[in-house]
Amino acid sequence: MVKERSFLHHSFNRGENGQENLMWKKEADDRISEHRQRDLVINVTNGEKKPIAGIEVEIKQIRHEFAFGSAMNDQVLFNQQYADFFVKHFNWAVFENEAKWYANEPERGKITYEKADAMLNFADRHQLPVRGHALFWEVEDANPSWLRSLPNHEVYEAMKNRLEHAGNHFKGRFRHWDVNNEMMHGSFFKDRFGKNIWKWMYEETKKIDPQALLFVNDYNVISYGEHHAYKAHINELRQLGAPIEAIGVQGHFEERVDPVIVKERLDVLAELGLPIWVTEYDSVHPDPNRRADNLEALYRVAFSHPAVKGVLMWGFWAGAHWRGEHAAIVNYDWSLNEAGRRYEKLLNEWTTQRVEKTDANGHVKCPAFHGTYEIRIGKENKMLKQETIELDSNEQTPFQLDVILPQEG
């Protein structure tokens, strides 16, 4: 993760009177309705299979299928406000530094996973899936200082050791692995061993942890326009034989996020047919209203794009943000700024919570966002039945839930 170059020449609100602004938003909302929702049909009958009208049905989404996540650092281990905020606002996590090589082996041969393990335990307690970031890092300065001074044959031995130790230690605990971070912007391993070392990294990681989804992860892709270069880079990796399974795009923006341009860049990457994750989002602006507009532009476009499976912001609190308070959605005193309020508003907009009554045919039907639901059936303030269902995106047909209530009397 490296600060990205800005593209100040693109305007957030292009076109007179904001018409183009309104157009992109409507188009995004139409795609959200198409790609992020599924009809939910609840049929309530009695033991004789006769429909029951006027039954109250509460539909409550308790988890999103789409990943709304954040980077997490060791504040989560000792700062209760940080921990509470994380659990309330995010459903995925990635460690900011604690699974990187320099954090796990600060001195050669002295390996520690203490912080990473404690953070994984926290995530497990709160049912937060975690991305693995990063097994290797192609940028020279991001590698352990002791590694950079070794001769090539010892670098290779150290790499094998890193794979064996970290790969097996974290096996089954990370859903994803950023196998070799930022290969478009570094050449530490490639300069020593050639591009085939990249294939080796991916193949060996897949052997050790076959369940983890293997990512490329790089910057300047959606924020500066290196999307065509990234697509060519991924194709080259696949031609080498590297098992690339998903695309990570960092999104470290400066003053403006242009939603139209971000969508165009995502469209190019989507041609590869792989799932896309916005793995590191933030934008820096002293005006929290502008920050909020940027956040909404990125999230609305990403959530509307069928290839995108999640967005993880790279930090949230002013007191522990790598880019400072002007990138945060939460102020030092834990009050939400406008960017934080906008984030909560978007989550509310994309969460299905409603209470309906069955019609004459015993039916309730509504569009619902993909995720996990608690369905409560009741009458006159009395709960009669409760079900938990998974409304996933794998099927386009309506989800049918048949509820049979016991005969009264």
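**Cavities and pockets**

Guide: The structure holds 4 cavities of 30 Å³ or more. On a 1 Å grid over the protein atoms alone, a cavity is a set of points where a 1.4 Å probe fits but cannot get out, while a pocket is an open set with protein on both sides within 12 Å along at least five of seven lines, and lining residues have an atom within 4 Å of a point. Grid points are joined across faces, edges and corners, and a volume is the space filled by probe spheres set on the points. This is a predicted model, in which local features need pLDDT of at least 70 and side-chain atom pairs count only at pLDDT 80 or more, whereas totals for chains, interfaces and linings use all residues. Residues are numbered from 1 along each chain as its sequence is written, and side-chain values use heavy atoms, with hydrogens and water left out.

The largest cavity has a volume of about 70 Å³, and its lining is made up of Y281, D282, S283, R291, L295, M313, G315, H321, A327 and I329. At least two lining residues come from each of β9 (276-283) and α11 (288-304), where helices (H or I, at least four residues) and strands (E, at least two) are DSSP runs numbered from the N terminus. The strand β9 gives the most to this lining, with 3 residues. By class, the lining of the largest cavity has 5 nonpolar, 3 polar and 2 charged residues; here Ala, Val, Leu, Ile, Met, Phe, Trp, Tyr, Cys and Pro count as nonpolar, Asp, Glu, Lys and Arg as charged, and the others, Gly among them, as polar.

Turning to the open spaces, the largest pocket has a volume of about 690 Å³. It is lined by 33 residues, and the closest to its centre are E65, F66, W277, K309 and S393. The elements α1 (19-35), β2 (56-64), β13 (371-379) and β14 (382-391) each supply at least two residues of this lining, which divides into 12 nonpolar, 11 polar and 10 charged residues.

The loop between β13 and β14 holds N381, a residue other than glycine whose phi is positive, near 65°. N381 counts as exposed because its relative accessibility is 83%, with exposed meaning over 50% relative accessible area, buried under 20% and partly exposed in between (1.4 Å probe, protein chains only).

The second largest pocket has a volume of about 540 Å³ and is lined by 19 residues, of which I62, H64, V87, K88 and H89 lie nearest its centre. At least two residues of its lining come from each of β2, α2 (80-89) and α12 (338-349), and the lining as a whole has 7 nonpolar, 9 polar and 3 charged residues.

In the loop between β3 (67-72) and α2 lies N79, which counts as buried because its relative accessibility is 13%. Leaving aside residues up to four places away in sequence, N79 touches W317 and W334, a contact being heavy atoms within 4.5 Å.

As a setting for these spaces, the chain has 12 helices and 15 strands, and buried residues make up 54% of its 409 residues.
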